Amino acid sequence: MTRALELARQAAAEGEVPVGAILVRDGEMLGEGWNRPIGAHDASAHAEIQALRHAGQRVGNYRLPGTTLYVTLEPCVMCAGAIIHARVGQVVYGAPDPKAGACGSVFDLLPSDTRFNHRTECRGGVLADACGETLRAFFRARR
């Protein structure tokens, strides 16, 4: 999560909402990303999607079973869908997202929705204070 926080700070330095993500399998970092929708002119360029894209290119497959995605903010519905399609095994997130979270805060897509053919475990609250403060500081500075 420490590396994901560093990537979140990179996003903030670029004027993006500070969210960072890394994807790991068996202790090896496969992909990383930070929010880039503004700079990339791409609504789908969330940190999680960037990390999944990076990992998919690196391993030559969009399916990423046995992986853990560490992300500083609870994933949204769009990212949850990509996580399911990629067959990510677990999501570990920092701060909850009470406005758009898909791991139980607003929606409960990961792992509870039994309509999907894959379930992804979720665990929140890892370095939640640091992750949340990174977001709060960003928005305070913009006001």
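## Cysteines

The sulfur of Cys76 lies 3.8 Å from the closest cysteine sulfur, in Cys79, which is too far for a bond. A disulfide is counted when a pair of cysteine sulfur atoms is within 2.5 Å, and by this rule there are zero disulfides. In general, a disulfide is a covalent bond between the sulfur atoms of two cysteines. Cys131 is in no disulfide either, as the nearest cysteine sulfur, that of Cys103, is 14 Å away.

Cys76 is buried, at a relative accessible area of 16%, and Cys131 is buried at 1%. Buried means under 20% relative accessible area, exposed means over 50%, and partly exposed is in between (1.4 Å probe, protein chains only).

## Basis of the model

This is a predicted model in which local features need pLDDT of at least 70 and side-chain atom pairs count only at pLDDT 80 or more, while totals for chains, interfaces and linings use all residues. Residues are numbered from 1 along each chain as its sequence is written, and side-chain values use heavy atoms, leaving out hydrogens and water.

## Overall build

The protein has five helices and five strands, in the order α-β-β-α-α-β-α-β-β-α from the N terminus. Helices (H or I, at least four residues) and strands (E, at least two) are DSSP runs, numbered from the N terminus.

The radius of gyration is 14 Å, close to the 15 Å that the globule rule gives for 143 residues, so the protein is as compact as a globular protein of that length. This radius is taken over C-alpha atoms, and the rule is 2.2 Å times the number of residues to the power 0.38. Of the 143 residues, 45% count as buried.

## Helix 1 and helix 5

The axes of helix 1 (residues 2-13) and helix 5 (residues 128-142) come within 11 Å and cross at roughly 5 degrees. That makes the two helices roughly parallel, a label for angles under 35 degrees. Axes are lines fitted to C-alpha atoms, for helices over the stretch in contact, and angles run from 0 to 180 degrees between N-to-C directions.

Leu5, Ala8, Arg9 and Ala12 of helix 1 meet Ala130, Cys131, Thr134 and Phe138 of helix 5, where contact means heavy atoms within 4.5 Å.

## Backbone in the loops

Most residues other than glycine have a negative phi, and most peptide bonds are trans. Asp26, in the loop between strand 1 (20-25) and strand 2 (28-34), has a positive phi of about 50 degrees and is exposed, at 76% relative accessible area.

A cis peptide bond joins Leu110 and Pro111, with omega about -5 degrees. Pro111 is in the loop between strand 4 (90-95) and strand 5 (121-123).

How values were computed: Parallel < 35°, antiparallel > 145°, perpendicular 65-115°, else oblique.
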